[in-house]
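Subject: Structure for your review

Dear colleague,

Please find below the sequence and structure that I am handing over to you. My notes on what was found follow directly after.

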Protein chains: 2
Amino acid sequence: MPPVDPAALSPPPPSIGPRVRTVPPGEDRERLVCPDCSYIAYENPKIVVGAVVTDNLGRFLLCRRAIPPRRGFWTLPAGYMELNETTEQGAAREAMEEAGAHIAIDALLAIYNIPRISQVQMIYRATLAGPTLAAGTESLEVALFDWKDIPWDELAFPSVVWALHEWRTRAGQTGFAPGTNPPPPVEGL
Amino acid sequence: MPPVDPAALSPPPPSIGPRVRTVPPGEDRERLVCPDCSYIAYENPKIVVGAVVTDNLGRFLLCRRAIPPRRGFWTLPAGYMELNETTEQGAAREAMEEAGAHIAIDALLAIYNIPRISQVQMIYRATLAGPTLAAGTESLEVALFDWKDIPWDELAFPSVVWALHEWRTRAGQTGFAPGTNPPPPVEGL
Ligand SMILES: [Zn+2]
Ligand SMILES: [Zn+2]
């Protein structure tokens with residue numbers, strides 16, 4: 001899953017390339033501009049694609065992160081969508097890259113908006129289509145967990161928890177609207 | 001709606017900023033690199049957000065494009081998602097910018113993948129929430145059409161046609177899975 005750790009969101013300012021925030025001539029909002037050559041880097045929200053994957057025993061596929069943010073915590077196979085692929089192809093690619101898993105996608109489970117970091121997460125429901133698993137370079141290990149054995153206290157990101165619960169809500173259903181962010185917790189009651 | 005016109009897809013090569021395709025050290029695929037300062041521009045798929053908007057008489061809101069590609073053709077209010085907004089906020093913003101329309105979003109109607117141009121389109125179903133309309137700077141005019149009066153031969157992009165038909169398929173329904181690209185036409189039969 002994606003960088004949601006605040007500690008990872010403030011990299012040191014780059015010393016090359018687009019790095020000055022200013023409103024270019026003819027535009028209506030600040031863009032990132034290179035002071036050396038005037039190149040404008042248009043920043044866009046990024047799409048994260050991933051899947052809640054189960055095997056034929058109903059166990060859930062999770063990957064333990066080998067990279068920051070949240071190294072050592074468990075996550076769904078997911079990552080940034082690449083150019084020239086569909087969202088489904090991206091989710092299947094990430095399952096292969098991070099967990100060595102062939103998956104069969106069945107439905108769009110949820111869409112989570114994280115506007116603070118300009119991210120849209122599209123999480124599919126899928127089943128394992130082959131017996132093999134293998135931790136990729138971004139995973140310390142991969143494993144299959146029964147629901148009751150999911151390491152809830154060691155999940156990397158809130159949206160991993162949301163997606164697993166969405167899976168339970170939708171078990172056995174087809175043709176449903178994808179889930180969205182849960183309402184924020186109500187404080188002070 | 002987005003650049004889908006092939007004529008608009010081959011801009012002249014830029015003379016500043018990231019413009020050389022090469023595999024940077026430690027990476028596994030080509031990236032766009034600036035030969036002057038080594039800055040790497042990570043290219044990501046872009047999200048287009050938009051809506052099929054109807055008024056209380058069941059008419060469909062369309063905008064006639066004032067800009068290329070497909071200038072003069074009719075489209076849905078839609079455009080690139082900006083930073084720090086949700087997909088729903090982006091769709092509502094585009095309806096305001098392009099058509100001066102306040103809208104109330106009701107459901108996610110469809111998700112279209114256009115991998116050739118690395119685009120994911122998220123099209124919502126919405127109703128007009130106020131009586132006023134006003135063509136924005138990207139629209140020559142905006143108008144409301146009964147279904148039978150939609151200028152089918154003057155729609156800007158295939159996905160406009162797909163989304164309008166998806167709207168008809170889903171009329172009166174809630175809690176449905178968003179539509180996806182129709183299967184490509186079968187040739188040679
Ligand atoms: Zn520069
Ligand atoms: Zn440069």
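**The zinc sites**

The zinc ion (ligand 2) lies 2.9 Å from the zinc ion (ligand 1). Please note that this is a predicted model, in which local features need pLDDT of at least 70 and side-chain atom pairs count only at pLDDT 80 or more, while totals for chains, interfaces and linings use all residues. Residues are numbered from 1 along each chain as its sequence is written, chains are lettered from A and ligands numbered from 1 in the order in which they are written, and side-chain values use heavy atoms, with hydrogens and water left out.

The protein donors of ligand 1 are the SG atoms of C34(A) and C37(A), 2.2 Å from the ion. For ligand 2 they are the SG atoms of C34(B) and C37(B), lying 2.2 Å from that ion. Donors here are N, O and S atoms within 2.8 Å of the metal (3.2 Å for Na, K and Ca); water is not among the atoms, so sites may look incomplete. C34(A) and C37(A) are both buried, and C34(B) and C37(B) are buried as well. Buried means under 20% relative accessible area, exposed over 50%, and partly exposed in between (1.4 Å probe, protein chains only).

**The two chains together**

Chain B is superposed on chain A by a rotation of 180° with 0.0 Å of shift along its axis, at an RMSD of 0.0 Å. The two copies are therefore related as by a two-fold rotation axis. The superposition is by least squares on the C-alpha atoms of residues with pLDDT of at least 70 in both copies.

In the interface, 36 residues of chain B are in contact (heavy atoms within 4.5 Å) with 36 residues of chain A. Of the interface residues of chain B, 100% are also interface residues in chain A, so the copies meet through the same surface. About 3,100 Å² is buried between the chains, and carbon and sulfur atoms give 61% of this area. That figure is the accessible area (1.4 Å probe) that two parts lose on being put together, summed over both.

Four salt bridges are counted between chain B and chain A; a salt bridge is a side-chain nitrogen of Lys or Arg within 4 Å of a carboxyl oxygen of Asp or Glu. R29(A) forms a salt bridge with E82(B), with 3.6 Å between the closest N and O atoms.

**Within each chain**

Chain A has two helices and ten strands, taken as DSSP runs (helices H or I, at least four residues; strands E, at least two) and numbered from the N terminus. Of its 189 residues, 49% count as buried.

In chain B, an open sheet of three strands has the order β1-β2-β3, with antiparallel pairing. Its edges are β1 (20-22) and β3 (40-41), each with a single partner strand, so one side of each has no neighbour in the sheet. Two strands pair if DSSP finds at least two bridges between them. V33(B) stands opposite I40(B) in β3(B).

Over all chains the salt bridges number 24. One of them joins R64(A) and E141(A) at 2.7 Å, N to O. This pair links distant parts of the chain, with R64(A) in strand β5 (residues 60-65) and E141(A) in strand β10 (residues 139-145), 77 residues apart. E85(A) and R93(A) also form a salt bridge, at 2.8 Å between the closest N and O atoms, and both residues are buried.

With kind regards
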